[in-house]
Amino acid sequence: MARTTRRPGNMPAELTSFVGRRRELAEIRKKLAGARLVSLVGPGGVGKSRLAIRAATDLARGFKDGSWLVQLAEVRDPDLVPNATLAALDLRDQAATEPSTLVLSYLRDRELLLVVDNCEHLLGAAGQLIGEVIRAAPGVRVIATSREPLSLPGEHVVPVPPLELPSAEAGQPLDRLRLNEAIMLFTDRADAASGRFELTAANRPAVVEICRQLDGLPLAIELAAVRTRVLTPEQILDRLSDRFELLTAGGRAALPRHQTLRTTIDWSHDLLAPDEQRLLRRLCVFAGRFTLDDVEGVCIPVGETTGQTLGLISSLLDKSLIIKEDAYGIACYRLHETMREYSALKLREAGEVESMGLRCADYYVAACRQRGLDARAKLLAWLGWMNIEIDNVRAVLRHCLNSGDASRGLAIARFLGWYWFTRGTTEGVRWLDQLMALDGGDPETRAWMPFVRGFLALLLGDPTVARSMLDRAISAGRQTGDGRLLSAALTMGSIAANMTGERVAARRLLDEAQQVTVPLHDQEATFGLLQAQVFNAFFEGDLPTVKSVSSEGVRLSREKSDVYTLDMMLMNRGLGALFAGDLVESKPYLTEALQYAREIDDRVAQFYLLDVLGSHAASSGQSRLAARLLGAAETIRLGAGATPMQFLAPVLDQATETAVAALGRGKFDAEFSAGRGLSRDEALHLALGESSREVASHAQGVAGGVLGKRESEVARLVADGLTNKQIGVRLFISEKTVASHVGSILNKLGFNSRAQIAGWVGSANQ
């Protein structure tokens, strides 16, 4: 199987568009040659994040496992720093392993560059995790960004100053001036804002003076540059000069840089209309990304229309006061961290902190309830929504804990179960244990909490705690008369009893579950009962029951389009056939189950199915494939922190023995190791018999004659993060000609983004 040539990592292409900083980039490269940790330190607004990301993008090709970005700006809870790192590395909190332990285990043998961005508000937690990573993983280098050093042993600090200021000399040639870092940024952002800006002899004095007055601070320059949509550089300079004169009474030279930035933001804020100012300050209640629906639900007074909201958001976006980024096909927005701090100050000045906090909490209680009621039936869409909103939801939960608000906290937790079951088991346990310890809350909501906690305990491989919690849920279901709760607790309790070896209790709970569930005619309750019946049949070795019940589960879940249940029932059906020795019948069920496990990104199911398909391959005489699939399953298992299913152990042991006997120990180990080295996508392609060779074909490269000489030069500069205008300046060709070359490169390589060109250049140079 061909290996992909894409350099692994998760660097955002939009942040690698970058000007200047040659001196700092060289310093970072030099420091990392001999240091494990380099911290980029400087005040807000100097461009530390962009510098770190650009450096990591440049250096990624020197690391076998690429460069990876952990963004902490939207993390408000120190306990969630390991979770943010886990997610950034594409690992999964879906089993019993603590996130920090899983991160360290994964990184131990890796060779990669880790960027940990915006550490200043989480110095203790970020420093602790980075220190542990450095001690545990000798092949990992770290670039951290913060407003102050982490104060860790071996830390090398690189101060990040503002951009290089242009000379005030009037006689400097325009071509030379255009290469100045601050001027490049101003003209680039002004051109993006107005669509037609160009540095000329006429506007040169004003542009130079704007950059000098703003001390070369990137954020301040960007806020000024976007105003060229409606103001000339001369008008911008006049208004900024007036603002600084009022502040300093003529003593401009004594103004500290942080005050320069604050004054520039104040100037930009004061140019806003009153409704724009009101919205900007209220947006700080969102800890992470937010959508148009979120803004309308939290920040907009009753009676205003969607058109008004969209217009306000568009206006703030045009002025670079908020940032747009699409996720899961939805337009999302967020605040730059410096702008968030400024907005929070304005919210406090307006006396709206408490009222907006309550509105935000009530909004997410209602949103989680509305979407969570049918989360299982619409799992893919619901998980997409949760992935966008999770940082906001976490911030509301933390506020509820800090204020002792059990009512809102438990109301949200009740409907987060399917996120925790599939994306964050240990995180879910941490939230639930704290929330359940609070007094108060709606009795019906509180009655469901032991069930959710018991379900999580089962996923964590702790059936003893699960039995205790599920017994509480059974009692609550009986006391409240909630048939759905009683059914869910009984079926899950039966599974827990089987896992603790209590066969009689498991059968008793299962029989009662059937009596309770059938009259309900409830889809989710029925699926829970079927799963418990299949699980019990596996433990009893009753393969005919496994076949009949899982077949019914497949039929019903197809009918209801419940992909989570369909995934499980297909796996059950395939396993039953495999245990019965029917290789032909089992394979289609197992491969289809793996397709659904990939669709919902269920890592534990992917691990189980790769193991089982490895066993199937061994029994089918495909020993080399078996060894690779077993190795790939091990990598996915470690990435999810999962443990093998106990009743599969004999089958997997037999598969290993069969493959070793056919290949010999040395060749088996080599194939197993090759399987462990596959990416998750490659492993799934292999198991499903799909080809991934089209990615490798891009490695033909410049040497293969795919690109012409000029196209090769343009491709290398695109990989360096230059814009079309900057490439034109560098190569002395027009921006239109550059755009034509980029289009030709994309067409020849079959790509659709500049980021793909950058990755292709990196792999071609290795």
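In the predicted model, helix H22 (residues 463–480) and helix H23 (residues 483–499) have axes that come within 8 Å and cross at roughly 155 degrees, where axes are lines fitted to C-alpha atoms, for helices over the stretch in contact, and angles run from 0 to 180 degrees between N-to-C directions. H22 and H23 are therefore roughly antiparallel to each other, a class given to angles over 145 degrees, while those under 35 count as roughly parallel, 65 to 115 as roughly perpendicular and the rest as oblique. The crossing of H22 with H23 is left-handed, meaning that the near helix is turned anticlockwise from the far one by less than a right angle. On the H22 side the contact (heavy atoms within 4.5 Å) is made by Pro463, Ala466, Arg467, Leu470, Ala473, Ile474, Ala476, Gly477 and Arg478, and on the H23 side by Leu485, Leu486, Ala489, Leu490, Met492, Gly493, Ala496, Ala497 and Met499. By class, this contact of H22 with H23 comprises 14 nonpolar, two polar and two charged residues, with Ala, Val, Leu, Ile, Met, Phe, Trp, Tyr, Cys and Pro counted as nonpolar, Asp, Glu, Lys and Arg as charged, and the others, Gly among them, as polar.

Residues are numbered from 1 along each chain as its sequence is written, and helices (H or I, at least four residues) and strands (E, at least two) are DSSP runs numbered from the N terminus. Local features need pLDDT of at least 70 and side-chain atom pairs count only at pLDDT 80 or more, whereas totals for chains, interfaces and linings use all residues; side-chain values use heavy atoms, with hydrogens and water left out.

The axes of helix H18 (residues 406–414) and H21 come within 9 Å and cross at roughly 50 degrees, which makes H18 oblique to H21. Here, too, H18 passes H21 in a left-handed crossing. Ala406, Leu410, Ala411, Ala413 and Arg414 of H18 meet Glu444, Thr445, Arg446, Trp448 and Met449 of H21, and the residues of this contact divide into six nonpolar, one polar and three charged.

Across the whole structure, a search finds 14 aromatic pairs, defined for rings of Phe, Tyr and Trp (its six-membered ring) by centres within 6.5 Å, with planes under 30 degrees apart counted as stacked, over 60 as edge-to-face and the rest as tilted. The ring centres of Phe451 and Phe455 are 6.1 Å apart and the planes lie at 65 degrees, so this pair is edge-to-face. Both residues lie in helix H21 (residues 443–459), four residues apart, about one turn of the helix, and both are buried, that is, under 20% relative accessible area, with exposed meaning over 50% and partly exposed in between (1.4 Å probe, protein chains only). For Phe607 and Tyr608, the ring centres are 5.0 Å apart and the planes lie at 40 degrees, so the pair is tilted. Phe607 counts as buried at 1% relative accessibility, and Tyr608 counts as buried at 14%. Ring pairs also link Trp418, Phe421, Trp448, Phe451, Phe455 and Tyr564 into a cluster.

Arg147, in the loop between strand S4 (140–146) and strand S5 (155–159), is partly exposed, with a relative accessible area of 31%. The C-alpha atoms of Arg147 and Glu120 are separated by 5.6 Å, although the two residues are 27 residues apart along the chain. Beyond its neighbours within four places in sequence, Arg147 is in contact with Val41, Gly42, Gly44, Lys48, Glu120, Thr338 and Glu341. Ser615, in helix H29 (residues 603–619), counts as buried at 3% relative accessibility.
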